[in-house]
Amino acid sequence: MALETVHDQPAHVGLVTCKLRGQYLVQENERSIPCSISNVLRKQLVYPIADPNSLRHRVVEVKEIDVVDPVAVGDQVAFTETGDGGGHIVEVLPRRNELLRLDAGSSIRKADAELHLRQVMVANVDQALPMISAAKPAPNWNLLDRYLTTAEASGIPAVICITKADLLTDAEREALEAQLALYRALGYAALVTSATGGTGLAALRETLKDRLSIFMGKSGVGKTSLLNAIEPGLGLRVKSVREKDGRGRHTTTHLEAFALRQGGRVVDTPGMREYGLWGLEAAGLAACFPEMRPLLGTCRFGASCEHEAEPGCAIKEAVAGGAIDARRYESYLKLAHELG
Ligand SMILES: Nc1nc2c(ncn2[C@@H]2O[C@H](COP(=O)(O)OP(=O)(O)OP(=O)(O)O)[C@@H](O)[C@H]2O)c(=O)[nH]1
Ligand SMILES: [Mg+2]
Ligand SMILES: [Zn+2]
């Protein structure tokens, strides 16, 4: 497909590293170019999203275009230069994966999900790092399961990151290790870190090197402290952006993939809870649990089994027999009810 050109200039290709109110920073080699979206791209990417039978298909208002953002942090894009130091994004190159989110400010219903499904927050993510604290408060394993499910649903590998390990008592450490053993057996890598004590920081650095990573975790879990610990000053940059914008709007108007000096980038995303499972259907939930995957289709009611009240459910049998962890199954039910 021919790329749109401005004054017959060939398009450049770069990485979207920052998004702020419909403006993007696109990095090409050592340059960072502020770009807007070309009108051609806007139309191409917005129209096919709406239901073809709806009025929206023909009448897409500008304010809606802002909601259905066609360009995400992490995108590889083609852009043309406008001659004043800026650029126009004319094409989004195919994505490997996408992390979706729900517009935190709107109270949309599920029926409207189609429009919002396409709200891509970050694209081409190499790995997600769901973070939960080791203690004070005690680890919230159900929340971890929610994050892991989100990553699974998006086809993004997850590396579990426990923070604040310095707060653990010996008994708590044992319980934590037992839980982590469960997750490691499921195939997830897990890091135990402390920003203040220095535990696990070398392993975290190694994990982040040369990859685009996304930090998932509630406010206060210690994301910024960890960034500061692995690269002094980086956490401060994250923080100053947040303060300028106001917390509630951080993810809606400003998103940035912060560059690490060692190579690699990190996207810090507060408030993961509200968008976590958006776009996932209850029927697809079990497939996001690695321990349930091999059993899918083997229940008496086959693919229609919801693995809750049905007789002859292979998953419930595996839980009863201890092959599937009961607490993980509890997480599954919690999420299923939410989606159902
Ligand atoms: N004991 C201990 N406290 C920590 C550690 N890391 C962070 N904290 C404390 O936890 C609180 C929150 O840390 P932040 O790094 O700001 O947490 P955050 O996840 O970035 O929070 P938001 O930016 O609000 O999403 C601060 O009071 C930190 O001092 C740690 O490794 N050990
Ligand atoms: Mg922070
Ligand atoms: Zn079943």
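Helices (H or I, at least four residues) and strands (E, at least two) are DSSP runs, numbered from the N terminus. By this assignment the chain has twelve helices and 13 strands. The structure is a predicted model.

**Overall packing**

Of the 340 residues in the chain, 39% are buried.

In soluble globular proteins, nonpolar side chains tend to be buried together. Here the largest nonpolar core holds 63 residues, and those with the most contacts inside it are Ile-89, Val-122, Ile-160, Ile-162 and Ile-214. Helix H4, residues 141-153, gives the most to this core, namely five residues. The core lies between domain 1 (12-94) and domain 2 (121-275), because both domains give residues to it.

Val-122 illustrates the packing in this region. Beyond its neighbours within four places in sequence, Val-122 is in contact with Ala-72, Val-73, Gly-74, Leu-99, Ile-214 and Val-267.

| Core | Residues in core | Residues named |
|---|---|---|
| Largest | 63 residues | Ile-89, Val-122, Ile-160, Ile-162, Ile-214 (most contacts inside the core) |

**Helix H5 and Gly-187**

Helix H5 spans residues 170-185 and has 16 residues. From its first C-alpha to its last, H5 reaches 23 Å, which is close to the 22 Å expected at 1.5 Å a residue. Just after H5, Gly-187 takes a positive phi of about 105°.

**The loop at Gly-85**

Gly-85 is located in the loop between strand S4 (76-81) and strand S5 (87-92). Gly-85 counts as exposed because it has 9 C-beta neighbours inside 10 Å, and a residue with 12 or fewer is placed in that class. Gly-85 and Ile-33 are 52 residues apart in sequence, yet their C-alpha atoms are 6.9 Å apart in space.

Note on methods. Residues numbered from 1 in each chain as written. Chains lettered and ligands numbered in written order. Predicted model: local features only at pLDDT ≥ 70, side-chain atom pairs only at ≥ 80, totals over all residues. Expected span 1.5 Å × (residues − 1). Core = buried A, V, L, I, M, F, W, Y, C linked by C-beta atoms within 7 Å. Buried ≥ 20, exposed ≤ 12 C-beta atoms within 10 Å, placed from the backbone. Domains from an automatic or database assignment. Contact = placed C-beta atoms within 7 Å.
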